[in-house]
Amino acid sequence: MIGGTEANFWRLAFATCFLSIWAFSMGKGLSGETFPIFLLSGIIGIGMGDVALFQALPRLGPGMTLLLTRCMAPPLTALIEWLWLGTTLRPMQVFYGSIILVGIVVSLAPGRHLKLSREKFVPGVLFCVFAALGDGVGAVLSRKAYGMIHSKEDFIDGGTAAFQRIIGGLLVAGICLLVVKWRSIKLHINRSDEIDTLPSWEKWRRVLPWILANSLAGQTLGVSCYQWAFQTTPAAIVVSIVATTPLVAMPIIRIIDGERPSRHSIVGGIIAVVGVVGLALLK
């Protein structure tokens, strides 16, 4: 209803407000030596990663975009974490992580009828690689920050870490919104007769509940848990489990959009859940 760039900015803006309430009342606000690292993690992971994702979506479609980004992010994250932090995964962790990726491939793989031109396919794949790389670098930066915190026997909660991180994402989203809306802003400043009409209050009345719900569920609660997981778990495993998000969303999509999941989506979801359960049960 308002476009991907603007919706992305407002969901991050509201989530920043929600997380700030927690961070400045129950958490640590902007304090801590690791704030610059969490900020950079948000700039790269939430900011640049999401920008690339939104560029890939119109070129490849949601199925192919999610397939590529979700499946490339875990191995890229594991490689970055190993090269930088020296974190290695046990064989069984790699095995169950691979099962998750197989389930995602089965569930999200587009149909054989998919036909994409070279002009859309090549840049779309490159944007997916950049989005997956952004996720991986952002995740490893968070792990690096937690490593520094633990080395000093200090503590930072997931909500505070998510707040410090999301500020970086909001900064990038704001710049992107400014670029997209620059012509409209310029016309407003010059009071031009060609000025675009602003979205009506009726449109905002319809879209606001969805933005608030998205920012509260995803960027506030979800990212807080995401950050909390990095305290004890290698980034590659966290990213692998989070990659099942599209599968978890299937029942919600069925309720909201009335879209019935296909058989291969259900089978792929079951395979991915087996991999998640295997990772969770490993000692």
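1. Axes here are lines fitted to C-alpha atoms, for helices over the stretch in contact, and the angles between them run from 0 to 180 degrees between N-to-C directions. Helices (H or I, at least four residues) are DSSP runs numbered from the N terminus. The model is a predicted one, in which local features need pLDDT of at least 70 and side-chain atom pairs count only at pLDDT 80 or more, while totals for chains, interfaces and linings use all residues. Residues are numbered from 1 along each chain as its sequence is written, and side-chain values use heavy atoms, with hydrogens and water left out.

2. With those conventions, helix α1 (residues 4-25) packs on α7 at an angle of about 60°, the two axes being 8 Å apart. The pair is therefore oblique, a class that takes the angles left over once those under 35 degrees (roughly parallel), over 145 (roughly antiparallel) and 65 to 115 (roughly perpendicular) are set aside. On the α1 side the meeting residues include Trp10, Phe14 and Phe18, and on the α7 side they include Trp204, Leu208 and Gln219; contact means heavy atoms within 4.5 Å. By class, this contact has 11 nonpolar, five polar and two charged residues, where Asp, Glu, Lys and Arg count as charged, Ala, Val, Leu, Ile, Met, Phe, Trp, Tyr, Cys and Pro as nonpolar, and the others, Gly among them, as polar.

3. Gln219, which lies in helix α7 (residues 201-229), is buried, with a relative accessible area of 9%; buried means under 20%, exposed over 50% and partly exposed in between, for a 1.4 Å probe and protein chains only. Neighbours within four places in sequence aside, Gln219 is in contact with Arg11, Leu12, Ala15, Leu19, Ile46, Ile166 and Asn214.

4. Helix α1 also packs against α2, at an angle of about 155° and with the axes 11 Å apart, and the two are therefore roughly antiparallel. This crossing is right-handed. Gly4, Asn8, Arg11 and Leu12 of α1 meet Ile46, Asp50 and Phe54 of α2, which by class gives three nonpolar, two polar and two charged residues.

5. The axes of helix α3 (residues 91-108) and helix α11 (residues 263-281) come within 7 Å and cross at roughly 165°, which makes α3 roughly antiparallel to α11. Here the crossing is left-handed. The contact includes Gly97, Ile100 and Gly103 of α3 together with Gly268, Ala272 and Gly275 of α11, and by class it has 10 nonpolar, 10 polar and no charged residues.

6. The largest nonpolar core has 19 residues, and those with the most contacts inside it are Phe38, Ala139, Tyr146, Tyr226 and Phe230; such a core is a set of buried Ala, Val, Leu, Ile, Met, Phe, Trp, Tyr and Cys residues joined through side-chain atoms within 4.5 Å. Two or more of its residues come from each of α2 (35-85), α4 (118-151) and α8 (235-242), with α4 giving the largest share, seven residues. Ala139 touches Thr77, Arg165, Tyr226, Phe230, Ala235 and Val239, residues up to four places away in sequence not being counted. Apart from this core lies another, of 16 residues, among them Met64, Ile104, Leu108 and Met250.

Conventions:
A crossing is left-handed if the near helix is turned anticlockwise from the far one by less than a right angle, and right-handed if clockwise.
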